[in-house]
Amino acid sequence: MTEVKTIEPLVKENPSSLQQLIERLKPLHVILSQNSYVKDTTRRLKRIIDDSESQPMLLILGKERVGKTTLINGLLGRALFTGGTDQPTSINTFIRFGEQECIKAFFLDGVIATFDISKLHLITVSDTFSAQIIREHLDYIEVYIKHDLLKSVTIVDSVALEVGPNNTAYFSQTLLQRVDEVFWVLRNGSPATDDEINLLKKMETFAITPHFIVNGIDQEGGNVAAFIESEKARYGHSIGDIVSVSALQALEARKTHNMQLLIDSRITELTQLIHHIVSDKQKKTRHVSEQLIHWLERLRKEVEMIPTREPYISAFESVERHNSEAEFEFTRQQRDRALISSYEEEYENVSVIFSNVQTLYQLLQKLASELYLRDAEVEKYEEHAALYQQFVRDYRKLHGEYSMEYTRFEKQYKKLSGKSLAFPIVDPENEEFLKDRIATLNKIQQQCIEKLEAIQRYEVFVCGNLYAVQNRLNELATKRLKSIVSQLSDLNIQRKNERIFLKSYVNKLAEFNCIVEAQGFLRDAVLPYMEGEELPLSEQEKLHVRNTIECICAVDLTHKALYNRSTIPEPDDLMAQLEFESKYKLVGLSLTESDVKSDLPEAPNELKI
């Protein structure tokens, strides 16, 4: 049996009531984790613990086409998520703070796969076959972004509302109970439907008061104030704050650094409201306490069912089915093949990223499109190379202007004097004309000289640093290839660990002692604290908690379990299917100075009469 730690050493100096509650739940989670029968309930407890220790979660809710995804982009100040497509958001997405930006995909069978942030479109809205296969097996995803707002709040981008029976819009009750705040998005001028209002009424029974965001204040002809007042008249008593914004203006303002447009978008007012709402620590404590009460009720139902359902037989059949059922294995193998295909496609693309790069212009195009090829050294070279090419273009344009002007001068002079243009010119009769035309040409000639001098300065940098930057780019590409292999290796390890865990669960079928241990822990450590004065619970809620825990402890599991050892088949080795390391070799970047230098016409000479 797991040794139950006392509470005192776990509690930090001057801990909050919420921290003290969570420190009591952590050992309980460890105890329950030993039994697979209550695996889903245990996972829900882990979510309560994790959510309480992380930033408050803010759910963005609404119908399709109201701009939820664009709104999140506006809050983050970048077009991170794809909006306005025929494929709406199809998976619940938790957007968290992270110094290293990446995606973690949580699959229904417990596997976790890590992707580069550039794969976000593939996972969320892409309609390719591989993307669809992956999404079918996804539970949810976590997107880690480096943004100050996410240091204080986690944003949940949800799937769109679905219309169910009795004219009620359906949304996951589990997710609603998990989040701390709900922000409901409406499009300006498009009133909430009867389905949405029915769901709003249902939320009242769960003590959920959503805040409303009216998006699209930049729409022509839309009276925002009148729209808000009309909506308040319909259901204002059921909602919290209302803020109106333009997500499109906010995104454009961030892109163009237009401060006035940012003010007009009112996105900063929304950000301030979010910070204000999530700063209420007492409300979060209350929310976690309510989640725990719901969780205890769920645990009671499961524990009471154990003695009547032959726990050993049921658990054994579940594990056997998980590992041996052909259909389950087939769907999982499909998922694994789709992941391998995705990794292989990326590996192949990276290996040939430089194969067609033969000029400086082509190199700059690659650097602009591939984020993994960027660092401070590369970006400095890219900046100088871009200026070099810009000066080259300017010089060629000026040189062309000079040639056209000189040709025009020749024709005009011949028409005027009947003679061909040849220097030196001695023609007193047309002296004024000559001075004027030559002055024009010399002005362009001087500009050509200035551009050529600038080109020569930048050319020294571009050529002088070419080989160092080239080596660095090859290193970055190699690093990217290793990262892809590492990601597949992580997936392979998880698949193997999954079977190890399953064997461990089967071994635990000999007894349900961990449930017995959890009963004692609930009675001795959790109940006394929840009945105290530290948590914001009513006397009726405390009585309900006591009755629930007493029901859990009343179930006698000391002699209910049977045990027979079963054989868990070994998992397929995904790395054995990894052929693309030998299949695709990196084509390194191998430019020379002649490849990056631009051929330029000689500068024209200054003309004199």
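**Strands, a helix and a core**

Q: Which residue stands opposite Val 156 in strand 6?
A: This is a predicted model, where local features need pLDDT of at least 70 and side-chain atom pairs count only at pLDDT 80 or more, while totals for chains, interfaces and linings use all residues. Residues are numbered from 1 along each chain as its sequence is written, and side-chain values use heavy atoms, with hydrogens and water left out. Strands (E, at least two residues) and helices (H or I, at least four) are DSSP runs numbered from the N terminus. Opposite Val 156 in strand 6 stands Phe 94.

Q: In which sense do strand 2 and strand 6 pair?
A: Two strands pair if DSSP finds at least two bridges between them. Strand 1 (residues 57–61) joins strand 6 in the parallel sense, over four bridges. For strand 2 (residues 93–97) and strand 6, with three bridges, the sense is antiparallel.

Q: Are the residues on both faces of strand 6 buried or exposed?
A: Buried means under 20% relative accessible area, exposed over 50%, and partly exposed in between (1.4 Å probe, protein chains only). Thr 154 and Val 156 lie on one side, Ile 155 and Asp 157 on the other, and all are buried.

Q: How far apart are the end C-alpha atoms of helix 7?
A: The expected span is 1.5 Å times one less than the number of residues. Helix 7 (residues 194–205) has twelve residues, so it should span 16 Å. In agreement with this, the end C-alpha atoms are apart by 17 Å.

Q: Which residues have the most contacts inside the largest nonpolar core?
A: A nonpolar core is a set of buried Ala, Val, Leu, Ile, Met, Phe, Trp, Tyr and Cys residues joined through side-chain atoms within 4.5 Å. The largest has 98 residues, and those with the most contacts inside it are Leu 270 and Leu 473.
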